[in-house]
Amino acid sequence: MIRFVEEAPFVPTQISYEISNILYKGRSRFQEIEVVENPDFGRMLLLDGAVQLTEADEFFYHEMLTHVLMHSHPNPRRVVVIGGGDGGALREVLRHKTVEKVFFVEIDGEVIKVAEKFFPRVASGNKDPRVEIRVMDGAEFIKKRPKSDIDVIIVDSTDIIGFARTLFTQDFFKAVRNCLREEGMFVTHSESILFHRDTVVKVQKILKDAFPVVDLYASPLATYPGYWWSYAVGSMKLSPREVRRPHKIKTKFYDNEIHGQSFITKKFYEKLMAGKLDWALKGTFSEK
Ligand code: SAM
C-alpha cells in the first residue's frame, strides 16, 4: 500500500490517502493526470496532485453544483458546462427533460478521454445528442457567445490556480452576464468556507460587480480540502433560493429541502462579507 499526500490549495494543510492501485499516470499539454484506487473511496481522479473526484462521493458535489440552479431556473433549455472534464456535472444537467442543448467546454481533451475510460458511469452523458463538446478555454468560449443566448452556465473548474484563473475574473463574469438570457443564472464552485474564507468573499465581491443578484450556498464533501464546499451564484434577476420546478429526477443527495437549507443564512453571510468572522485558515487565491 502506498500513500498519496494532497496539498490543500492556498493553506499549509495536507490530506493523506492510502492508494491500493495506480491505474493511469500521464501528462497532457496542461496537467498531470492520474487515476488511482483507494480502499474506501474507490477510483479517484487526480489532476496535478489534487483530488477531482472519487467514485464514492462524487454525487454530493455534482448534484449540488448543478441541481440547485436547474431547479431554480423556471425553464433551463440551453446550458453551458465549463470544465468538468470528468463528465459528472454534464451527466446531472442531462437528467433534466427541459434541456435541449448543452455546450460542454473543457480545456483539456485528455481529461475527457481518461474519464470515459476509467469513470464510465461519471462520463455517461458525453455521447448524448444534446451535447456539443468544445475543447478550449471556457473564458474564450464565453467571450465569443452571442448576447442573451443561454439559460444556465455552470463552472466546474480546478482550483483557482494556473489556467483556471481565467474563469474567476471580473471580465469573465461580465461576459457570462452578457450571454445569459433574461432569467439566466450562473454558478461556480468557490473553494471551502472553512479553508478559503477570503477566496469565498473575493469571488462574491467580483460577482457583485457583474450581477444584480449574488448568493452563496454550500454542501459537504469528504474529499475536497476544507470539506464545507462553497458555490457562488450570479443571477440576472431571480433568487436562486427559490425552487421553481419540483424535484422529479433521481438523485442521491439533492432534494428540494436541501436546496433551501444549503444557502448561507443572511446573518452569517453579512458577517462573512463584512470581515467579522475570523478563523485561522483564510486561504486567498491570487489573481496573477
Ligand atoms: N470539481 C473538481 C474540483 O473542484 O476539484 C473539478 C473537476 S473537473 C475535472 C475540472 C476541469 O476543469 C479540469 O478537467 C480542467 O482541465 C478544467 N478547466 C480548468 N480551467 C479551465 C478553463 N479555463 N476552461 C475550461 N476548462 C478548464
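Strand β10 (residues 150-156) is mostly covered, with seven of its seven residues buried. Keep in mind that this is a predicted model.

**Strands around β10**
- β10 pairs in the parallel sense with strand β7 (residues 78-83), over five bridges.

**Ser192 in β11**
- Ser192 sits in strand β11, which covers residues 180-192.
- Ser192 counts as buried because its relative accessibility is 0%, and the cut-off for buried is under 20%.
- The Ser192 side chain reaches two backbone nitrogens: that of Leu194 at 3.0 Å and that of Phe195 at 3.0 Å.
- Leaving out residues up to four places away in sequence, Ser192 touches Arg197, Val200, Pro225, Gly226, Tyr227, Trp228 and Trp229.

**Helices α6 and α8**
- Arg197 and Val200 turn up again here, as both belong to the α6 side of the contact with α8.
- The axes of α6 (residues 197-208) and α8 (residues 266-273) come within 10 Å and cross at roughly 95°, so α6 is roughly perpendicular to α8.
- On the α6 side, Arg197, Val200, Val201, Gln204, Lys205 and Lys208 meet Tyr269, Leu272 and Met273 of α8.
- By type, the residues of this contact split into five nonpolar, one polar and three charged.

Key. Residues are numbered from 1 along each chain as its sequence is written. This is a predicted model: local features need pLDDT of at least 70, side-chain atom pairs count only at pLDDT 80 or more; totals for chains, interfaces and linings use all residues. Side-chain values use heavy atoms; hydrogens and water are left out. Axes are lines fitted to C-alpha atoms, for helices over the stretch in contact, and angles run from 0 to 180 degrees between N-to-C directions. Helices (H or I, at least four residues) and strands (E, at least two) are DSSP runs, numbered from the N terminus. Angles under 35 degrees count as roughly parallel, over 145 as roughly antiparallel, 65 to 115 as roughly perpendicular and the rest as oblique. Contact means heavy atoms within 4.5 Å. Ala, Val, Leu, Ile, Met, Phe, Trp, Tyr, Cys and Pro count as nonpolar, Asp, Glu, Lys and Arg as charged, and the others, Gly among them, as polar. Buried means under 20% relative accessible area, exposed over 50%, partly exposed in between (1.4 Å probe, protein chains only). A polar contact is a pair of N or O atoms within 3.5 Å; within protein, one must be able to donate a hydrogen and the other to accept it, and residues adjacent in sequence count only if both atoms are side-chain atoms. Two strands pair if DSSP finds at least two bridges between them.
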